[in-house]
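This report is written for a reader who meets the structure for the first time. Please view the sequence and the model before reading on.

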Amino acid sequence: MTTLLRDIENGTLVVTIDAPDQSVNTLGASLVDEFEEMMQLATTDASVASVMIISGKPDGFIAGADIEQLQHLNGVTGTELSRTGQRLLDHLSTLRKPVVAAIHGACLGGGLELALACSYRICSSDPSTSLGLPEVQLGLIPGMGGTQRLPRHVGLDVALDMILTGRALHAERALRVGLVHEVVHPSTLREMALARAAALARHTLPVPHKRRKRTTTVLLEHNAIGRAIVFRKARQSVLAKTHGNYPAPLVALDVIRTGYDRGMQAGLDAESHAFGQMVATQQSRELVFLFFASNAAKKDPGVPEPAPDPRDVQRLGIIGAGFMGSGIAAVASQRGTLVRMQDTDTAKIGKGIAAVRDIVRERASRSRTSHHQIDDQLALVSGTTDYSGIGASDLVIEAVFEDLATKQQVLRETEARVATDAVYASNTSTIPIGEIASAAEHPERVLGMHFFSPVHRMPLLEVITTPETTAQATVTAVAYGKRLGKTVIVVRDSPGFYTTRILSAYMNEAGRLLDEGTRVEAIDEALVTFGFPVGPITLLDEVGIDVGGKVAGVLAQAYGSRMVPADSMRRAVQAGRTGRKGRKGFYLYDSRGERGKVDETVYTDAAPSKAGGVPANEITERCVLAMVNEALLALQEGVLRSPRDGDLGAVFGLGFPPFRGGPFRYVDAASAEEILERLEDLESRYPGRFAPADLLVDMARSRKRFYSV
Ligand code: NAD
């Protein structure tokens with residue numbers, strides 16, 4: 001529980017926020033009384049001339065409001081909760097004595113709202129320092145005055161960007177936009193904050209100069225017509241990104257606008273009212289679920305407790321320096337692992353290392369990594385064509401061509417060189433791990449580490465275990481995946497594992513819609529409106545139609561009639577369409593690979609085109625329920641350990657709409673009975689493809705849910 005420690009140092013009331021039993025400080029109802037007492041003391045104690053608020057944690061200020069409390073409001077409405085927070089911060093902002101916020105590490109959500117109510121904000125220059133209002137990422141809006149105070153401090157354009165996207169600012173940018181008054185070295189933060197508090201009390205601190213506003217900003221923000229333009233543009237941009245599926249950013253816009261049009265108090269009233277509404281939305285519930293599910297995955301060792309300790313991966317061997325191998329190498333080097341890449345010739349190694357450099361540099365440019373650090377990271381990566389240096393690896397990840405014989409050969413060659421307890425992982429996306437491992441002397445240390453492309457952007461890692469894989473190998477792969485910043489799920493070895501399998505069911509259905517004469521853009525549009533980042537046909541062009549065709553073949557063999565590939569997909573491959581990489585897919589591509597309109601010639605060599613086609617709601621129903629039912633089957637068969645893994649896998653690996661929580665949350669939201677009915681209806685019209693999983697039938701009969709909340 002977060003508490004406030006109070007101490008008076010030379011006339012400054014030092015308030016230290018700390019939650020000794022938690023990794024981060026959060027703001028919750030238990031702090032209300034302590035806050036009031038603190039402000040009472042500051043007001044009445046004549047020996048107190050100023051206040052300084054600092055965190056007791058070495059690595060963070062306040063991470064935000066206590067989200068768990070938001071889930072269990074115990075009769076209090078979200079609006080009331082927001083009003084309480086607003087009242088406290090209003091009191092803080094009107095104290096007769098100066099209040100300095102000393103910020104180091106994450107200062108997010110309620111933490112930043114608190115800081116905004118202080119008279120002076122000083123922060124450390126540490127890279128971990130970040131200031132932001134990420135509420136929209138949980139389907140909420142700031143509820144303690146943030147929608148009103150932030151624009152007043154940093155201007156409308158910066159505030160809109162921060163509030164509508166949840167983007168946080170690092171120290172230097174926070175200083176530039178006027179969010180903080182001063183940035184200092186972390187070692188001097190406390191001392192400088194105390195000095196500023198004392199100087200403010202003595203009125204000897206020069207008034208911090210105001211942020212200089214650009215002329216365009218002044219023109220747009222300071223007159224009603226200009227503001228109307230800014231708000232309209234912001235609304236359009238939110239709608240373009242969210243397709244209207246996320247209410248919070250739109251509501252935040254209205255609330256900010258109310259503050260501009262009718263003043264601070266009206267803005268605060270609108271904020272607390274809207275906050276209460278947002279807490280109760282389905283979207284917020286699902287986003288909060290994902291937040292907790294990801295946190296739980298971080299603590300999950302990947303095997304039942306008691307789990308053995310993972311092997312510490314200092315040296316990583318990567319076999320195959322292609323697209324995936326170099327992606328993994330880049331991420332690993334950024335986490336300080338020594339990486340040795342092996343490929344068949346020096347040109348491929350050279351290309352792989354160049355790809356690593358590009359990724360590391362691109363990521364560094366976003367995260368303020370110094371040239372020095374980039375050089376250090378790149379120095380960790382080296383290559384070989386004869387396995388030299390691979391023998392010392394703690395973990396080897398194989399990312400060669402998707403071909404069983406090649407993978408088995410590479411496994412044999414690697415095994416002959418590495419220590420017997422080194423872990424061996426294949427990054428295959430379809431070949432059963434058991435088949436690869438059958439070539440091993442020690443199949444017990446073999447598993448799958450299925451990364452997604454591009455490795456540095458995709459947040460999921462699917463670890464695949466066979467009945468022989470040891471717990472030690474599993475925990476090592478899981479722990480290392482987490483070290484690379486991934487959300488990790490563990491699935492049982494089977495064709496297509498979990499993610500490839502459910503994606504295939506979805507893509508096949510999209511293919512069948514093409515077979516029936518539905519237009520490419522109608523299919524893509526329907527699923528983007530549902531909330532996927534791109535439609536299935538665009539995705540197929542991205543992944544490669546030939547690759548998709550191969551995967552579909554493997555899964556059809558394993559799962560029979562319901563996975564038989566669509567005719568149009570087969571014909572597209574035959575017609576030499578490979579997708580974006582070959583500049584010839586379902587869409588047209590320019591010489592830079594930018595996607596254009598649908599290539600109308602697909603309707604002659606791959607799919608028929610009929611007038612009318614299938615309506616959007618039917619497109620969505622068929623594709624989504626094919627995926628959901630396949631996920632239910634994977635759980636029923638024990639491929640998945642839990643609905644939680646299934647939801648995380650679909651959202652973070654495949655882009656299942658986060659505001660829907662994942663396939664299992666989707667079933668819960670509608671009810672098992674309703675999903676069963678809808679699947680039965682589809683099965684009656686398309687026999688053999690939608691037979692509901694027995695698990696769903698049982699759940700519908702006993703009116704069960706996957707999750708209690
Ligand atoms: P790629 O063609 O870009 O790279 C494969 C590399 O392996 C090439 O550089 C090749 O020279 C090398 N190679 C082949 N035989 C070798 C051998 N005997 N020894 C050493 N190196 C050898 O392919 P990729 O896209 O990086 O895919 C690699 C693996 O990752 C495949 O199993 C694929 O299914 C899987 N995968 C790919 C994606 C993706 O989106 N590309 C996503 C997930 C998983």
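The model is predicted, so local features need pLDDT of at least 70, side-chain atom pairs count only at pLDDT 80 or more, and totals for chains, interfaces and linings use all residues. Residues are numbered from 1 along each chain as its sequence is written, and side-chain values use heavy atoms, with hydrogens and water left out.

**Ligand site**

Around the ligand there are 21 residues, of which Met324, Asp343, Lys348, Glu402 and Lys407 come nearest; a residue is near if one of its heavy atoms lies within 4 Å. By class, this shell holds 8 nonpolar, 9 polar and 4 charged residues. In that count Ala, Val, Leu, Ile, Met, Phe, Trp, Tyr, Cys and Pro are nonpolar, Asp, Glu, Lys and Arg are charged, and the others, Gly among them, are polar.

Helix α17 (404-415) gives the most to the shell, with 3 residues, while α14 (323-334) and β18 (446-451) each supply at least two. Helices (H or I, at least four residues) and strands (E, at least two) are DSSP runs, numbered from the N terminus.

The table gives polar contacts, pairs of N or O atoms within 3.5 Å.

| Residue | Part with the N or O atom | Distance to a ligand oxygen atom |
|---|---|---|
| Phe323 | backbone | 2.9 Å |
| Asn427 | side chain | 3.0 Å |
| Ser453 | side chain | 3.2 Å |

**Helix pair**

Helices α20 (residues 499-515) and α27 (residues 643-654) pack at about 70°, their axes 10 Å apart. Therefore α20 is roughly perpendicular to α27, a term for angles of 65 to 115 degrees.

Methods
A polar contact is a pair of N or O atoms within 3.5 Å; within protein, one must be able to donate a hydrogen and the other to accept it, and residues adjacent in sequence count only if both atoms are side-chain atoms. Axes are lines fitted to C-alpha atoms, for helices over the stretch in contact, and angles run from 0 to 180 degrees between N-to-C directions. Angles under 35 degrees count as roughly parallel, over 145 as roughly antiparallel, 65 to 115 as roughly perpendicular and the rest as oblique.
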